[in-house]
Every structure is written in C-alpha cells, then in structure tokens.
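Trainee: I would like to go through this model by question and answer. Where shall we begin?

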Amino acid sequence: MFEQSAARRVLGIDPGLTRCGYAVLDSSGPRSVSAVSLGVITTSPQMDLPERLALLHAEIISLLEEFSPHDVAVEKVFFQVNVRTAMSVGQASGLALAAASAFGCTVGQYSPNQVKDAVTGWGGANKEQVQKMVQARLGLSAPPQPADAADAAALALCHLAVIPMKLRVLQAGVRKL
C-alpha cells in the first residue's frame, strides 16, 4: 500500500532483456524531483537465456539493495508485432515486478501512452519529446541518454504524478473495481 509521505524514492524500470533502462528519482513534493541514478543494464544476446535472466535479476536486486526505493514503476508489456521481443520484455518485466514485490516496494505498472501523457501532456508524444520533458523536469543539462534510461525516468515521473490520486482514493475508502 501507499504510505502518505512527501518524500519518496522511485525506481523506474523500462524492461528489456538486451537493454533494461533504470532510473532512481527522489521526490520531496510535487515540484521537487531529482535524479539520483540513470542507466542501462545490458545482457549479451550470445549468452543463454537462463544466464541472461539470472544476470538481469541480480542487477535489479542490486539496484533495490543500493537505492532502497519506496516504489518501483515498470512499463506494462503491451502488444508488439514481434513476438520474440514481446516475450523477452515480458520476462524482464516479470523479474522486475517479482523482485520489487519481494523487497516490499509499492509497484506501479504503466502503459507507454500513460507515461507519455503524464510526462508530456500527450499520449502520442515521440521519444525525443519524452527525453526533452524528462530533461526539463529533472533539471538536467542534456536529455538523458540512452533512450532506455530516459524511458525509465519517465516511468518514475509518471508514478510520482499518479501517487497523490491513489492516496486520495485509498484515504476515501474507495475500492478498485
């Protein structure tokens, strides 16, 4: 459950088997957000799938241990034309969701359109627009690179935007349908 607290640390994860973006953001209120860490976890396509998943799992656990986030925001797996890509994204997403839950974090999942809408104000925004808004919101000197890290930061920003509404709903005793 969400705790009522002005200060939050959110780990955003843009899941992928070859490239998994992550961003750790600290927020002390609605207008005060800062980047703590941005990056990408990579695994080699030459490795066997179980080894790649084990490496990705270990890296996600490492991020959770190092940064102790309150919340973890993960991109929802959505329909993709390439089934192979969808499967690998789903596997990476599952690792992130399970690890975050095991660490006691509040977990949020958001579709790409939800993230774009929360960060740019338009669900059809392109990658460059998202990167520019992440740069502006976090006060960075340049758009975050690579795009996977920017997407992870956008996920964390989306989560921070949604938290106040979820808290109000919980406080009002309204149940999710």
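Trainee: Which residue meets the side chain of Arg19 in a salt bridge?

Mentor: The model is predicted, and every value here is computed from it. In it, the N to O distance of this pair is 2.8 Å, and a salt bridge requires such atoms within 4 Å. The partner of Arg19 is Asp148.

Trainee: How many residues apart in sequence are the parts that this pair ties together?

Mentor: Arg19 belongs to strand β2, whereas Asp148 belongs to helix α5, residues 147–172. The pair therefore ties together parts separated in sequence by 129 residues.

Trainee: Is Asp148 buried or exposed?

Mentor: Arg19 has a relative accessible area of 36%, which makes that residue partly exposed. For Asp148 the value is 17%, and the cut-off for burial is under 20%. Asp148 is therefore buried.

Trainee: Which residue forms a salt bridge with Asp151?

Mentor: Asp151 is in helix α5, and its partner is in helix α4 (residues 127–138), 24 residues apart. The closest N and O atoms of the pair are 2.5 Å apart.

Trainee: Which strand holds Asp26, the salt-bridge partner of Arg9?

Mentor: The side chains of Arg9 and Asp26 meet at 2.6 Å, N to O. Arg9 sits in strand β1 (residues 8–14), and the two residues are 17 apart. Asp26 is partly exposed, at 23% relative accessibility. Its strand, residues 19–29, is β2.

Trainee: How many disulfides does the structure hold?

Mentor: Cys20 is buried, with a relative accessible area of 1%, and Cys158 is buried at 2%. A disulfide requires a pair of cysteine sulfur atoms within 2.5 Å. The number of disulfides in the structure is zero.

Trainee: Which strands are the edges of the five-stranded sheet?

Mentor: The sheet is open, with mixed pairing and the order β3-β2-β1-β4-β5. An edge strand pairs on one side only. The edges are β3 (32–42) and β5 (106–110).

Trainee: What is the average angle between neighbouring strands of this sheet?

Mentor: The angle is taken with direction ignored, and the sheet has mixed pairing. On average, neighbouring strands are turned against each other by 20°.

Trainee: Which residue of β5 is the bridge partner of Ala73?

Mentor: Strand β4 covers residues 71–75 and pairs with β5 in the parallel sense. Five bridges make up this pairing. In β5, the partner of Ala73 is Gly108.

Trainee: Why do the buried residues of α3 line one face of the helix, and what arc do they span?

Mentor: Helix α3 runs over residues 112–120, and its buried residues are Pro112, Val115 and Val119. Seen down the axis of α3, these residues line one face because they fall within an arc of 65°.

Trainee: Which residue just after α3 takes a positive phi?

Mentor: The phi there is about 90°. The residue is Gly121.

Note on methods. Residues numbered from 1 in each chain as written. Predicted model: local features only at pLDDT ≥ 70, side-chain atom pairs only at ≥ 80, totals over all residues. Heavy atoms only, no water. Buried < 20%, exposed > 50% of the residue type's maximum accessible area, 1.4 Å probe, protein only. Helix = DSSP H or I, 4+ residues; strand = E, 2+ residues; numbered from the N terminus. Arc of directions from axis to C-beta. Pairing = 2+ DSSP bridges. Axes fitted to C-alpha atoms, helices over the stretch in contact; angles between N-to-C directions.
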